[in-house]
Amino acid sequence: MKISIKLGLWFFISIVFIESFSMIFLHDKLVHSQVHQELQALQARGNSHRAVLEINSDSATLHHIGLMESQTDTEVVITNTKGEILVSSTKINKNMENLLNKRINSLPRNGRILQPDWQNEKYIATVTAFNNKDGKKAGYVYMFRKTDAVQKLISQLNKHFLLASLLILIFMLITVFFLSKALTKPLISMKEATKKLSKGDFSVTLPPPSKDELGELSQSIQTLANDLNYLKQERNEFLASISHELRTPLTYINGYAEIAKRKELDEADRFKYLEIIREESQRVSELLKELFDLAKLDQNTFSIFKEKVDLCVFLKSIYQKVLPAFKNKGVALMLVCHQTIDLNIDPSRFEQVILNLLDNSLKYSKENTTTYLTVNEGNETIEITIKDQGIGIPQEDLPYIFDRLYRVEKSRSRVTGGFGLGLSIVKQIVEAHGGEISVESQVGYGTSFTINLQQ
């Protein structure tokens, strides 16, 4: 069953239940109020006759009261204290006689309701006592009204309620139909979008989201589609790059190994070819190491073993290790760290971070430029900055450089082209140390990576 039908039925059943309960409650209240008004009016009419009789209760007055009530839809019967009928506006029937024979013990001044049952009895009735001029009880005024008049009034009220219920029901059906359509339309669009995503088609475009929960869901699906599309493109580029990076050195290794096996080859050439094989093997090894590190990150098996180190001594050892490579390219490397700073880090992993960042600086720096490795101590924080004067990173690439598989340099240059894994691993290692890494760059002016660690 479609969600629009389910939603429509749910709304419909809920509103029908609420409407039915409300209508029944309101109907009972109105019927009770109407009957109560009829009884109060009947009692008030009896009290009016009582007031007249207490002024004058002669036969002419009695006759006048009987004659007046005979022209209305109510009936009056006046008796003395012994139950003898003094006047009646109609012929006494059995139902009226039964009510007249009811024993009356005590009676309030304004009288009371003698028969309130309008559903099962023929009459509703009230009784009021009247006194003579001496203040003694002289008799009773009985007021009757046929219940068919009340039932007719209630029947009309029922018809109005039924009509109102039908109109509300029709309006509700129309409202539920359009409301369910309005609510399910974005859901249907999202369903189609997720179906395309499940089939590997990430070119999903959803309509502009509304400012509610459905809009947030739509925005999330659109973001997911964009991210998946981006990852798909990056994966394809990554796989092509890895394929190339593996195929090229393996081709060299295989080719030069065949040449190196020739017996007539002199030792100098054989040594040169073996050196090429060693370099290409090392390149393959570095690539496999990064892939292995990435796999461990995915499996949450990337362990950090911290120990207390003197940060400046630690960085100086790395500085000495990479300095020849910088000198060889004509790039100056400056280490600025003059004080003793004790820091809990994993030396092996953190060396991987610094070496990776310095290697990037060296790759993208030109001759006669300077790279700075600077340490600043703040309030309970240590800031390590690696700033170069290289080619810089375009602004549109900055948000993605720490993403896995992302390469700013799209070409596959064996001189500068990386694997698109290094900075992602760097970020994971820094965060595993409880720190943060950020980047600032401007094309043509250089790049600055900043690592913030808690002391």
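These are my notebook entries on a predicted model, taken feature by feature.

**Entry 1: the sheet**

I started with the strands. I found an open sheet of 5 strands with mixed pairing, and I read its order as β7-β9-β10-β12-β11. At the edges sit β7 and β11, each of which pairs on one side only. From one strand to the next, the twist averages 10°.

I then looked at the β7 end. There β7 and β9 run in the parallel sense, paired over 5 bridges. For a handy landmark, I noted that V336 stands opposite T374 in β9. Helix α7 packs on this sheet, where it touches β7, β9 and β10. The direction of α7 makes about 175° with that of β7.

**Entry 2: the disulfide**

Next I asked myself how many disulfides the structure holds. The count is 1, and C312 and C337 form it, with 1.7 Å between their sulfur atoms. The angle about the S-S bond is -65°, and the link is left-handed.

I wanted to know where the two partners lie. C312 belongs to helix α7 (residues 311-329), while C337 is in the loop between β7 (332-336) and β8 (342-345). They are 25 residues apart, so I wrote this down as a link between distant parts of the chain.

Are these cysteines buried or exposed? C312 counts as buried because its relative accessibility is 9%, under the 20% cut-off. C337 is buried as well, at 14%.

**Entry 3: the cores**

The largest nonpolar core has 41 residues, and the members that touch the most others are L311, I354, L357, I384 and I451. Several elements give two or more residues to this core, among them α7, β8, α8 (347-363), β9 (370-377) and β10 (381-387). Which element gives the most? It is α7, with 9 residues.

**Entry 4: helix α2**

L62 took me to helix α2 (residues 59-69), where T61, L62, I65, G66 and E69 are buried. Why do I place them on the same side of α2? They cover an arc of only 135° around the axis, which puts them there. As a reminder to myself, an α-helix has 3.6 residues a turn, so residues three or four places apart point the same way. On the other side of α2, I found S59, A60 and H63 exposed.

**Entry 5: two positive phi values**

Last, I checked the backbone for residues other than glycine with a positive phi. N368 is one of these, with phi near 70°. This residue lies in the loop between α8 and β9, and it counts as exposed because its relative accessibility is 68%.

E380 is not a glycine either, yet its phi is positive at about 65°. I located E380 in the loop between β9 and β10. At 60% relative accessibility, E380 counts as exposed, the cut-off being over 50%.

Key: Residues numbered from 1 in each chain as written. Predicted model: local features only at pLDDT ≥ 70, side-chain atom pairs only at ≥ 80, totals over all residues. Heavy atoms only, no water. Disulfide = S-S within 2.5 Å. Helix = DSSP H or I, 4+ residues; strand = E, 2+ residues; numbered from the N terminus. Buried < 20%, exposed > 50% of the residue type's maximum accessible area, 1.4 Å probe, protein only. Core = buried A, V, L, I, M, F, W, Y, C linked by side-chain atoms within 4.5 Å. Arc of directions from axis to C-beta. Pairing = 2+ DSSP bridges. Axes fitted to C-alpha atoms, helices over the stretch in contact; angles between N-to-C directions. Contact = heavy atoms within 4.5 Å.
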